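Let's take a walk through a protein structure together.

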Amino acid sequence: MKAVIIKGNPKFVENNPLADKFYNELKDFLTSLGYKISFDVGEPYTQPEEADVWVGHSRGSDRLRFASENTKTIALGIEGGINHPKDTSLLPGQIPDEFHYILTEEMKDEIRRALGV
């Protein structure tokens with residue numbers, strides 16, 4: 001099984017230790033569920049590679065609309081997605097706070113439910 005993690009806005013992700021830690025924890029978590037992981041930078045007007053699951057974070061969640069019908073999609077860090085309860089930066093244009101880059105056990109449980117595991 002393959003999963004693509006679609007990263008958020010490079011302006012807030014690049015050279016950000018909190019983002020690095022978050023994406024590595026997400027990768028490790030999905031790997032523990034049996035997925036082979038790749039990353040996509042989530043640039044506008046692009047489509048990530050085919051996979052069983054696409055996990056979009058923040059601005060990267062916008063890419064989820066291009067998923068095939070056979071690809072499960074999971075949105076993190078956006079309004080209506082799976083989020084840290086203290087994350088207050090869920091709308092486009094907001095500057096991400098520290099909670100935007102924390103993966104909680106509750107979030108992992110929601111991801112497991114979304115994946116059916």
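This is a predicted model: local features need pLDDT of at least 70, side-chain atom pairs count only at pLDDT 80 or more; totals for chains, interfaces and linings use all residues.

Residues are numbered from 1 along each chain as its sequence is written, and side-chain values use heavy atoms, with hydrogens and water left out.

Start with the sheet. Strands of a sheet pair through backbone hydrogen bonds, either parallel or antiparallel. Here four strands form an open sheet in the order β2-β1-β3-β4, and the pairing is parallel. The edges are taken by β2 and β4, each with a single partner strand, so one side of each has no neighbour in the sheet. On average, neighbouring strands are turned by 20° against each other, direction ignored. Two strands pair if DSSP finds at least two bridges between them.)

Now look at β3 and β4, which run parallel and are joined by five bridges. One example is Trp54, whose bridge partner in β4 is Thr73. Helix α3 packs on the sheet and touches β3 and β4, with its direction at about 160° to that of β4. (Contact means heavy atoms within 4.5 Å; axes are lines fitted to C-alpha atoms, for helices over the stretch in contact, and angles run from 0 to 180 degrees between N-to-C directions.)

Next, find Ala3 in strand β1. Is Ala3 buried or exposed? Ala3 is buried, with a relative accessible area of 1%. (Buried means under 20% relative accessible area, exposed over 50%, and partly exposed in between, using a 1.4 Å probe and protein chains only.) Leaving aside residues up to four places away in sequence, Ala3 touches several residues, including Leu30, Tyr35, Ile37 and Val53.

Our second stop is His100, in the loop between β4 (72-76) and α3. His100 counts as buried too, at 2% relative accessibility. A polar contact of 2.9 Å joins its side chain to that of Ser58. (A polar contact is a pair of N or O atoms within 3.5 Å; within protein, one must be able to donate a hydrogen and the other to accept it, and residues adjacent in sequence count only if both atoms are side-chain atoms.)

How many salt bridges does the structure hold? There are seven. (A salt bridge is a side-chain nitrogen of Lys or Arg within 4 Å of a carboxyl oxygen of Asp or Glu.) In one of them, Lys2 pairs with Glu49, and the closest N and O atoms are 2.2 Å apart. Lys2 lies in strand β1 (residues 2-6) and Glu49 in the loop between β2 (36-40) and β3 (53-57), so this pair ties together parts that are 47 residues apart in sequence.

Glu105 is partly exposed at 48%, whereas Lys108 is buried at 17%. Elsewhere, salt bridges that share partners join Asp62, Arg63 and Arg65 into one network.

Technical notes:
Helices (H or I, at least four residues) and strands (E, at least two) are DSSP runs, numbered from the N terminus.
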